[in-house]
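Thanks for coming, everyone. Let's take a quick walk through one structure. Please look at the screen.

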Amino acid sequence: MKKTDRRTFINRSLAGGAGVLLSQSVWAKKATPHEMEGPFYPLTPQADQDFDLTQVNGQEGVALGDHIILSGRVIDGNGQPIEGATVDIWQANAAGRYHHPHDQNPAPVDPNFQSWAIVKSGAGGAFRFKTVVPGAYPVTPEWSRPPHIHFKVSKAGYHEVVTQMYFPEQPLNEADKLLQGKSVEEQKMMVARTDQGNPDHLLYDIVLEAV
């Protein structure tokens, strides 16, 4: 299979995304906006997929970078909690490198970073991860993607949401072609909130639309 680099994949999505954005605008207030899955969804099975991405089972080291807690809820369009939803996240490490065979970024792989986690939403639709702030990475000489975390959230009876969560007060957000291609309301739903008084704790809710 031909390798797909990040530049080709993102440019194709931008070129064909106008109609998708238009159709989503009708229900964007009800569901978290959809975004491209990207070319680096994990391919290699791993035994350790728990909520703590800063340590890998069986290894003594910890992941490099700024450690954060990311928590939130999975809810429906009426704000009611959805328990038992599958919350799947993956991201680049602190240097901006994905643990993926097709990522040609020369930044180093962090062997102590888990990179991928899958949990179930619990009571009240709650989920929680411990991870690192992902690094930015270049797409073209003129464009670097801001730090972001990929989400794929699903449960029977609801439309699956594939999206990207962005970090608050991140300067690169203002020039990101994917995020800036969204409406103002959609952008608000895709940027995490900082827990007041605790800058290392981010809050992010996912809204699913019933089938």
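Start with Q91. Q91 is buried, because its relative accessible area is 1% and the cut-off for buried is under 20%. Keep in mind that this is a predicted model.

Where does Q91 sit? Find the loop between β2 and β3; Q91 is there. What does Q91 touch? Leaving out residues up to four places away in sequence, the list includes L53, Y98, F113, H148 and I149. T131 is also one of its contacts. Here the side chains of Q91 and T131 make a polar contact of 2.7 Å. Now look across to F151. Q91 and F151 are 60 residues apart along the chain, yet their C-alpha atoms are separated by 9.0 Å.

Next, the sheet. It is open, with 4 strands in the order β3-β2-β7-β8, and the pairing is antiparallel. β3 and β8 are at the edges with a single partner strand each, so one side of each has no neighbour in the sheet. From one strand to the next, the twist averages 20°. Zoom in on β2 and β7. They are joined by 5 bridges. T86 stands opposite S154 in β7.

Last stop, the core. The largest nonpolar core has 40 residues. Which residues have the most contacts inside it? They are V87, F151 and M165. Several strands each supply at least two residues of this core, among them β2 (86-90), β7 (148-154) and β8 (161-166). Take M165. Beyond its neighbours within four places in sequence, M165 is in contact with residues including L70, H148, I149, F151 and Y204.

Methods. Residues numbered from 1 in each chain as written. Predicted model: local features only at pLDDT ≥ 70, side-chain atom pairs only at ≥ 80, totals over all residues. Heavy atoms only, no water. Core = buried A, V, L, I, M, F, W, Y, C linked by side-chain atoms within 4.5 Å. Buried < 20%, exposed > 50% of the residue type's maximum accessible area, 1.4 Å probe, protein only. Contact = heavy atoms within 4.5 Å. Pairing = 2+ DSSP bridges. Axes fitted to C-alpha atoms, helices over the stretch in contact; angles between N-to-C directions. Polar contact = N/O pair within 3.5 Å; in protein donor to acceptor, adjacent residues only side chain to side chain.
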